Structures are given as C-alpha cells and as structure tokens.
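Please look through the structure below with the report that follows beside it.

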Amino acid sequence: MDTTTLDTAAVARWLSEHLEGFSGAIEATKFDVGQSNPTFRLDTPAKQYVLRRKPPGVLLKSAHAVDREFRVQNALSGTDVPVAKMHVLCEDDGVIGSAFYVMDFVQGRNFDDPRLPDLSNAERAQVVDEMGRVLAAIHSVDIDAVGLSDYGPDGNYFERQVGRWAKQYRASETDAVPQMDMLIEWLAANIPIDDGKRSLVHGDYRIDNMLFDPDRPKVVAVLDWELSTIGHPFADLAAVIMQWQMPPGHEGRGLAGVDRATLGLPSDEDFIEQYCKRMGLPGIEKFGFYLAFCFFRMAAIIQGVKKRALDGNASDPARAAKLGTFVPMFAAAGLEATKRG
C-alpha cells in the first residue's frame with residue numbers, strides 16, 4: 001500500500017470541522033525519516049502543521065499507537081520536557097484509511113549523526129549535555145500530576161517488555177536468527193528484581209528523535225513517542241548508550257571506534273555519571289542487562305519493519321528491507337552486552 005501520499009482533500013475537510021482556526025487547502029510533504037508512522041508536513045495559507053498517521057494495512061496488535069503519542073505529548077505540555085503543541089486526534093479510519101493526529105510544526109535542527117560533524121568541540125559537549133538534561137527531565141515528570149499514572153501497567157517493566165517484544169518478534173519472524181533466540185533466553189533468565197523505579201520512559205531516546213533550537217544547544221521538541229510508557233528509566237539511558245555502540249555514518253548513526261575525547265564528546269561512563277548526578281543516584285549496577293535489552297528490543301523493532309516491507313506497507317520499503325538485514329547484528333551486539341558489568 002502507498003504510504004508516500006496523503007489524501008489532503010479528506011484531511012482538509014476533517015480539519016475544517018475539528019481544528020479551530022483551520023482553513024484553506026493543504027499541501028503535504030512526507031518527511032523522509034521514520035519507519036513506523038508516516039509523517040507529513042502540512043502547509044496551509046495560515047501556518048504549518050505536522051500530521052502523523054498509522055500506516056495502512058494489517059498491523060501488529062498495539063503497534064503504531066498514534067493515540068498514545070498524542071496523549072503523552074499533550075500531557076507534557078507545560079512541563080520541563082519540550083514537545084510540540086498537540087491539536088487534534090482523529091481515530092476514525094474512514095477519513096484517510098488510518099488514525100492520525102495533527103500537531104504544530106516546530107522549526108529546529110535535527111542531528112542524525114552523533115559525531116555532530118558541523119559543530120565545534122564546545123558545541124558538541126553542550127548538545128550532548130542538553131540531551132542528558134532532557135532525559136532526566138522526562139524521568140522526573142510527576143506522572144500523577146500530568147494524568148499519566150495509568151499510561152503503563154504496574155509490575156516489573158523489564159519482565160513485561162521482554163515478554164512483549166519476544167512475542168512481537170515471533171509474530172514478524174521471517175528467518176531463523178540463532179543469536180536472537182539466545183538473547184531472548186538470556187534476558188528472560190536475568191531480569192533484575194523490581195527496584196520500584198517507575199517513571200515516564202520515551203522508549204526510543206536518541207539524538208535524531210529531537211529537535212534543537214536553530215541557534216542554541218537547547219532542545220525545542222522531543223519527537224517519536226510511539227514506544228513511550230510508564231516503566232523503568234534505565235531503559236532510556238541504555239538506549240542512548242546502545243546507539244553509540246553502532247558504527248558511525250548514515251546507517252549506523254553511532255560512535256563505535258570514534259575518538260570521542262578529541263571531538264569533545266563524553267564517554268559512555270561520563271554520560272551515565274552525569275545522568276546519575278541529575279537523578280541523585282549513586283550509580284547503576286549490572287548495566288549490561290539494560291544495554292542487552294535495548295539491543296534486543298531494537299532487533300525486534302527492525303524485524304517488524306522488515307516484515308512490513310515484505311507485506312508492502314512500510315513507510316520506506318527499500319530502506320525497510322535493508323534495515324531488516326541488521327537483525328542478526330543487533331542480536332549479536334546484545335549478546336556481547338551481556339558480558340558487560
């Protein structure tokens with residue numbers, strides 16, 4: 001199914017009835033980022049918006065939850081977590097074929113390479129420090145005060161997540177990946193005892209899922225909240241470190257083999273230490289589990305992307321198919337992380 005176009009006439013008709021102040025025709029431009037929920041910039045005579053929709057077609061249960069994305073970002077309005085202003089949510093599949101929401105278009109810089117090649121050493125350090133500050137802000141949100149106490153179930157977050165993503169992986173499995181089988185088995189056998197930490201978690205926290213002010217090292221919007229829930233904050237922290245273990249460049253978007261000190265970038269240990277200071281923690285034991293978990297979850301996610309490409313309803317079919325070949329690599333990296341203390 002075509003996910004590159006949008007029925008702008010249908011969207012305009014619906015918005016004219018549901019979005020105060022909206023009028024005029026729409027021009028839609030699809031963003032070339034994001035594999036899960038197709039995202040479009042909407043240009044109207046008065047202003048610009050962003051529309052984010054579920055992909056059409058048969059989808060895995062609980063995946064592509066644009067309604068949850070809308071809810072969490074709406075709840076975070078006015079907190080220390082920078083998000084775009086939410087406008088309207090349409091859950092009627094009959095309008096354009098799947099649910100969607102509309103939010104403000106936020107002008108900002110997006111970095112898809114954590115080496116930050118166009119910045120000075122001082123600017124790099126400031127950008128990564130701001131990334132750490134916002135991560136701590138997410139984990140410090142008073143979930144009761146903002147109405148998100150029921151945004152995720154109680155209980156052991158990692159036990160729940162390992163079970164969920166193992167099930168999702170099996171549902172989208174196309175080829176045997178022995179490393180993934182071993183990683184799932186190890187994680188299930190090594191889930192930490194629930195320590196009672198319960199916070200909002202983003203679920204896919206990395207530098208390319210945020211927008212920075214055009215002129216300052218300040219985050220103006222955190223994007224892509226599809227995997228957010230109430231859970232354990234260490235999953236988000238480990239997601240940052242996981243991304244940095246990837247090869248540098250457009251595909252890996254990591255820092256493996258990079259001389260970070262020369263570039264003014266922090267080491268894994270420095271970033272974790274600064275996070276712990278912000279959160280008032282003495283340190284984190286057995287970080288290897290959290291890192292292995294993140295590799296496992298990402299492998300399961302990209303396996304789902306591959307399956308959607310094969311089924312014909314991926315947002316970017318060619319890139320989705322290529323991403324799918326990385327499942328064994330992520331699974332192997334997860335197994336390696338299990339050796340880390």
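Predicted model: local features only at pLDDT ≥ 70, side-chain atom pairs only at ≥ 80, totals over all residues.

## Cysteines, an arginine and a proline

A disulfide is a covalent bond between the sulfur atoms of two cysteines. The structure as a whole holds zero disulfides. Cys294 is buried, with a relative accessible area of 3%, and Cys90 also counts as buried, at 1% relative accessibility.

| Residue | Relative accessibility | Class |
|---|---|---|
| Cys90 | 1% | buried |
| Cys294 | 3% | buried |
| Pro45 | 68% | exposed |

Arg297 has its place in helix H9, which covers residues 287–311. Although Arg297 is buried, it has no salt bridge, and the nearest side chain of opposite charge, that of Asp236, is 5.2 Å away. Once residues up to four places away in sequence are set aside, Arg297 touches Tyr157, Gln161, Trp165, Gly203 and Ala235.

Pro45 sits in the loop between strand E2 (39–43) and strand E3 (48–53). Apart from its neighbours within four places in sequence, Pro45 is in contact with Ser23, Gly24 and Ala25. The C-alpha atoms of Pro45 and Glu27 are separated by 9.6 Å, and these two residues are 18 residues apart along the chain.

Terms used:
Residues numbered from 1 in each chain as written. Heavy atoms only, no water. Helix = DSSP H or I, 4+ residues; strand = E, 2+ residues; numbered from the N terminus. Buried < 20%, exposed > 50% of the residue type's maximum accessible area, 1.4 Å probe, protein only. Lys, Arg positive; Asp, Glu negative; His and termini not counted. Salt bridge = Lys/Arg side-chain N within 4 Å of Asp/Glu carboxyl O. Contact = heavy atoms within 4.5 Å. Disulfide = S-S within 2.5 Å.
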